Amino acid sequence: MKKLFLLLSIVLLCISCTFIVYKGSFYEVLDIKSPSCIIVDLNHNGAYDSGEELNFPEITIVQDGKDKFTEEEKFIFNELAKNYTAELFFNKKIRYTHSKIYIDNKDYKELFDTSGFNYKTAPEKYRELVKYIRSNEFYIVNLHNLKAHKYGCKYALKAENYKVIEKSALPLKTDFCKLCLNTDFHIKENVIPVQEMSDDFGKIKIFYTDFTTKLTQDNSCSTALCKELLTRINQAQTSIDIAVYGYRGIPEIETALQAAISRGVKVRLVYDLDKKGESIYEDTTTLASLIPHSVSDYTSQQGIKSSYTNIIMHNKFYIFDDSAVITGSANLSPSDMSGFNTNSAVAVDSSQIAGIYKKEFEQMFNNKFHTQKSAIGGGDNIKIGTSIVSVYFSPQDKITVNYILPLIRSAKKYIYIPAFLITDKWMADELVAAKKRNVDVKIILDALNAHSKYSQIKYLRSNDIEVKAENYAGKLHSKMIIIDDETTVLGSMNFSKSGQNYNDENVLIIKDNAITAAYRKFFEYLWQRIDDWWLMYIPRTEGWDSIGSCTDGIDNNYDGLIDSADAGCK
């Protein structure tokens, strides 16, 4: 027995020692001087001390001598290599052993050798980088004051934090150095003020908000979308039915709703609560207390048990006097209603459309949410002016499988998608198939979700689809597909299995050439505003990569740290 006890003790001691050694072999990267010079916190004290500068001469940037780079091109190439290295190491604990660095158990040298910064080890990617550099004009931007310089300016590299940015993707508030620039270029050309971003097509009015023009959020009702919502509330005569994921304070909206109730308009609300009976938005219960007729997917009403599960009521729609609907991707929050996030929405004047939404609303108001609802039906191919509009709801209509995938299969010219996320593998497969039959497929994804292990971004890129990860402080919150200047898909549903199969969602499919062309132009504008560098990489959601994210006062990556407190902003 004593021998067994002694043996067990030795085994436990060995395991403990192994764990301590293994744990101790992980280190934090403090700084990156160059791809071959990494500062690592070897003594785990959080500071840069003597002897912690690790050099890896075998990790080299190699340019093809045949390319005859100019000095400026060499500089840009080297800066992009540093950017790439920073992205590899950001927020990663590394292992350092036998003079090698491992990131997520992958040899750093092997990762760098396949990156394209050494033409001998990755010639195809190298040619992509050379093409990127030579097809764009670059500026050196001080990330603290957004002062832009040309290469060779004596002030260009004075800033502690500077970044090389292509011309079309410069921040809108860029201040050009007058000592080194002789240019008539103005970054604000062709930029539509966020307040004016709408188009009127008679009975259908479309809205879009632009996160490249709004780098901080506020609770003013300044966007065209919010103003439309406010106008409709103020003009309502008999009823307003609201289905929103949650609410964060917008004083003008609250005042308008209170006034509507006071003048006898019947206002009703359905909203989402989590398994603790809480909302993701802190003012949701305030809105619910303001509106006497309110039901959540968590609460019970008159003794009827809720249908609540771990699923969300994710709609964002409003029905006015049973004759008009506003719907889309925008939540009732300052980030969405001020234009800080990019969203898409429509206002539709149609009693038929309103009636379909009303049936869906009544189910939820009577405590039937998620899978307990019944299919509404009757939403196919409704003629409204020159448009053909179809209305569908999750989860009953299985929107992706039954309607979105067939649309992708039928595309002939292009498919453009600005989306919060794409995690649905079936949808990704159909997009790849479309690309293979020479359909032009372009996608812009929100950076936060592009980092998710469930994101299809790597799969799509590996199949030659151009996917940009946005690099702005706000979220790319749209859930939209634009096809062939013929068809627009928009609504509250993210392109995920939960969006199709579980959540309460709504989607409109609009067949209209003019509406689709308008949204296509806005997509092309966003595409231009995002640096082509992000076709290859994914920016840090909170960090100098994402324009405005270090000065917006928001925890963009939900790690509990804001602006200068976040590692990406140091």
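A disulfide here is a pair of cysteine sulfur atoms within 2.5 Å. The model is predicted: local features need pLDDT of at least 70, side-chain atom pairs count only at pLDDT 80 or more, and totals for chains, interfaces and linings use all residues. Residues are numbered from 1 along each chain as its sequence is written, and side-chain values use heavy atoms, with hydrogens and water left out.

**View 1. The disulfide of Cys 221 and Cys 226.** The structure holds 2 disulfides. In this one, the sulfur atoms are 2.0 Å apart. The torsion about the S-S bond of Cys 221 and Cys 226 is about -110°, so the disulfide is left-handed. Cys 221 and Cys 226 are buried (under 20% relative accessible area; exposed is over 50%, partly exposed in between; 1.4 Å probe, protein chains only).

**View 2. The disulfide of Cys 550 and Cys 569.** The sulfur atoms of Cys 550 and Cys 569 lie 2.1 Å apart. This link is left-handed, with -90° about the S-S bond. Cys 550 and Cys 569 both sit in the segment after helix H15 (513-529), so the pair ties together parts that are 19 residues apart in sequence. Helices are DSSP runs of H or I with at least four residues, strands are E runs of at least two, and both are numbered from the N terminus. Both cysteines are buried. Counting bonded cysteines in sequence order, the protein pairs them 1-2, 3-4.

**View 3. Two further buried cysteines, Cys 37 and Cys 177.** Cys 37 has a relative accessible area of 8%. For Cys 177 the value is 6%.

**View 4. Helix H9, residues 351-365.** H9 has 15 residues. From first C-alpha to last, H9 reaches 20 Å, close to the 21 Å expected (1.5 Å times one less than the number of residues). Buried residues of H9 include Ile 353, Tyr 357, Lys 358, Glu 360 and Phe 361. At the start of H9, a side-chain oxygen of Ser 350 comes to within 3.3 Å of the backbone nitrogen of Gln 352. Asn 367 follows H9, with a positive phi near 65°.

**View 5. Phe 89 in the largest nonpolar core.** A nonpolar core is a set of buried Ala, Val, Leu, Ile, Met, Phe, Trp, Tyr and Cys residues joined through side-chain atoms within 4.5 Å. The largest has 86 residues, and Phe 89 and Phe 117 have the most contacts inside it. Contact means heavy atoms within 4.5 Å. Leaving out residues up to four places away in sequence, Phe 89 touches Val 29, Ile 32, Ile 38, Ile 94, Ile 101, Ile 103 and Tyr 108.

Conventions: A polar contact is a pair of N or O atoms within 3.5 Å; within protein, one must be able to donate a hydrogen and the other to accept it, and residues adjacent in sequence count only if both atoms are side-chain atoms.
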